[in-house]
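Please keep the structure in view while reading.

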Amino acid sequence: MKKKKWSLLLAALLLVSTVLAACGGSDEKSSKGSGASDKSSEQVLHLINTDQIPTMDSSMATDTFAFQFLGESMEGLYRLGKDGKIEDGIATDHQVSDDGLTWTFKLREDAKWSNGDPVTAHDFVYAWQRAVDPKTGSEYGPYMMGGVIKNATAVNKGEVPVEELGVRAEDDYTLVVELENPTPYFESLTTFGTYLPMNQKFVEAQGDKYATSTDTLVFNGPFTLEKWTSTANKWELVKNENYWDKDSVKLDKITFVVVKDPQAGVDLYEKGEVDRTTLTSDLVDMYASNDDYITIPQANVFWLKLNQERNGEKTPLANVNIRKAIMMAVDKEAGVNEILNNGSISANGLIPKGFVKVPNTGKDFREQNGDLAVYNKEEAKKYWEQGLKELGVDSISLEFMGDDTETAKVFNEYIANQLKTNLPGLDITIKNVPFEQRLDADTAQDYDIQFAGWGPDYLDPYTFLNLWITDGGNNKMSYSNPEYDKLLQDIQTTYANDQDKRYEAMLKAEKILFEDAAIAPIYQRSLALLSSPKVHNIIANQFGADYEWKWTYIE
């Protein structure tokens with residue numbers, strides 16, 4: 001999902017999504033009084049968030065934090081459970097037509113909003129129409145629904161009225177969805193935040209204030225979001241007593257505090273004020289032998305976005321040789337081993353290792369396509385010199401934008417130093433900004449190089465590959481290749497029901513991306529944490545929201 005982000009093909013997708021159970025240590029671990037949950041009778045979890053929540057409007061959400069808290073306070077047709085199993089949400093069943101184009105969902109009649117209103121099929125129709133309505137200005141609506149829901153792209157372009165979107169309420173508890181093309185992963189797609197319902201009467205009553213604070217939100221999920229505003233540094237998730245499945249929710253409350261400094265997070269953990277905290281490399285060395293130390297491998301991949309056009313003018317990054325030089329100039333192994341030191345691995349392609357297998361070979365996608373963007377400072381220098389010659393200059397100055405957390409600052413310094421050292425004549429100015437500000441700059445395409453990344457929204461390579469379609473909502477760096485675009489279109493249409501051809505096209509598309517040096521992949525993330533062994537059943541998702549807390553409990 002965006003900037004960590006986060007996006008969603010195949011029948012296999014519906015069968016399994018390698019979800020890593022991130023229980024706070026194993027049940028066998030003894031507690032040494034660490035973490036905040038010291039009272040066995042208290043079902044309160046205390047957690048850290050590394051930044052504020054930019055928005056709680058599901059039509060406008062684009063980032064990991066928004067989708068995380070939307071996922072816990074809201075519920076769509078289905079939700080992800082343990083081991084990636086798709087669990088009932090507002091839908092209890094569905095039927096798919098023989099041609100795969102019409103999905104009919106039966107909704108439960110006992111689901112309510114936190115204000116007591118019933119959750120109905122009309123709430124989904126309104127929310128989905130709102131997400132693609134060009135008046136809304138959503139990024140994820142057209143991105144997640146375009147090419148999937150019938151007429152979504154045409155609606156978003158203003159070519160047909162919003163009422164012609166392929167979704168309708170046959171009655172209060174029957175939702176009928178028409179698809180643009182057969183989409184076997186659609187059930188999984190409905191677990192994603194963009195597909196959440198909205199209470200139309202409530203939303204319209206709030207007007208421009210909707211989703212700016214707790215008072216301007218209404219919820220239908222396991223928890224309600226309390227004490228929150230868009231600038232809040234502390235907030236809570238509180239058990240929703242109106243939730244249809246409230247008996248499955250064991251936690252009474254989850255508290256959150258924004259902490260950007262990992263050492264400060266450790267200090268809070270040692271004081272027993274929080275139950276979990278992430279560790280940077282220096283802290284890993286200190287705590288790796290601690291009983292509370294755990295690691296969580298993820299499918300999140302991080303890269304350098306290389307913006308080819310800024311403020312209407314081409315940048316030096318429009319030159320393919322300059323991009324190839326940057327792509328090869330960073331020693332990624334040293335970066336992940338010496339700076340991150342948390343189990344993360346270097347990334348030499350777009351699709352993460354261990355994410356999906358190629359159907360006709362059974363090989364991991366990453367293994368099948370091999371390393372496409374490796375560190376080679378000698379080759380980098382050759383491309384660099386060629387690029388400078390083509391541009392008619394002997395030096396280039398670029399701005400490098402990244403997040404402002406302590407870990408990010410250190411890693412940004414490392415990347416900048418590698419580029420300046422290995423590419424003579426390159427001057428890098430680092431711009432560390434808050435998470436939300438980076439999102440805004442990306443949307444405005446107001447940067448040169450940006451350290452960004454993506455967490456998958458569904459279990460298929462397309463969730464990564466479609467980021468770079470010409471003029472796509474997440475492209476935002478003016479990359480364009482007609483051959484790439486055609487392959488991506490064929491993947492969704494011509495090859496939709498042919499897995500072998502789909503994967504052949506996706507393998508080829510990834511190679512094109514790195515022949516063009518569109519981005520410079522850096523690493524695939526793993527998290528190192530201290531986690532209280534008294535906390536159980538935190539599910540770490542492979543795609544969508546990072547975590548699921550519906551079934552979490554304190555022992």
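## Charges, burial and backbone angles

Glu170 is exposed, since its relative accessible area is 52% and a residue counts as exposed when that value is over 50%. The model described here is predicted. Glu170 is found in strand β7, which covers residues 167-171. Together with Glu109, Asp171 and Asp172, Glu170 forms a negative surface patch.

Charged residues also occur in pairs. Side chains of opposite charge can pair when their charged atoms come close. How many salt bridges does a search of the whole structure find? The search finds 24. The table presents three of these pairs.

| Salt bridge | N to O distance | Accessibility |
|---|---|---|
| Arg79 and Glu548 | 3.0 Å | both buried |
| Glu236 and Lys227 | 3.4 Å | Glu236 13%, Lys227 60% |
| Asp490 and Lys486 | 2.8 Å | Asp490 9%, Lys486 46% |

The salt bridge of Arg79 with Glu548 has its closest N and O atoms 3.0 Å apart. This pair links distant parts of the chain: Arg79 belongs to strand β3 (residues 78-80) and Glu548 to strand β23 (residues 547-548), 469 residues apart. Arg79 and Glu548 also take part in a network of salt bridges with Glu72 and Glu75.

The pair of Asp490 and Lys486 lies within helix α16, where four residues, about one turn of the helix, separate the two. Asp490 is buried because its relative accessible area of 9% is under 20%. Lys486, at 46%, is partly exposed.

In the salt bridge between Glu236 and Lys227, Glu236 counts as buried at 13% relative accessibility, whereas Lys227 counts as exposed at 60%.

Is Thr190 buried or exposed? Thr190 has a relative accessibility of 1% and therefore counts as buried, the limit being under 20%. Thr190 lies in the loop between α5 (186-189) and α6 (200-206). Leaving aside residues up to four places away in sequence, Thr190 touches Gly76, Leu77, Tyr78, Phe105 and Tyr195.

Most residues other than glycine have a negative phi. Asn151, however, has a positive phi near 70°, and this residue lies in the loop between α3 (140-145) and α4 (152-156). Asp471, also not a glycine, has a positive phi of about 65°. Asp471 is located in the loop between α15 (462-465) and α16 (482-492), and its relative accessible area of 75% makes Asp471 exposed.

Conventions
Residues numbered from 1 in each chain as written. Predicted model: local features only at pLDDT ≥ 70, side-chain atom pairs only at ≥ 80, totals over all residues. Heavy atoms only, no water. Patch = residues over 30% accessible without salt bridge, like charges linked within 9 Å, V, L, I, M, F, W, Y side chains within 5 Å. Areas by Shrake-Rupley, 256 points an atom, 1.4 Å probe, with all protein chains shown as cover. Salt bridge = Lys/Arg side-chain N within 4 Å of Asp/Glu carboxyl O. Lys, Arg positive; Asp, Glu negative; His and termini not counted. Charge placed at Lys NZ, Arg CZ, Asp CG, Glu CD. Buried < 20%, exposed > 50% of the residue type's maximum accessible area, 1.4 Å probe, protein only. Contact = heavy atoms within 4.5 Å.
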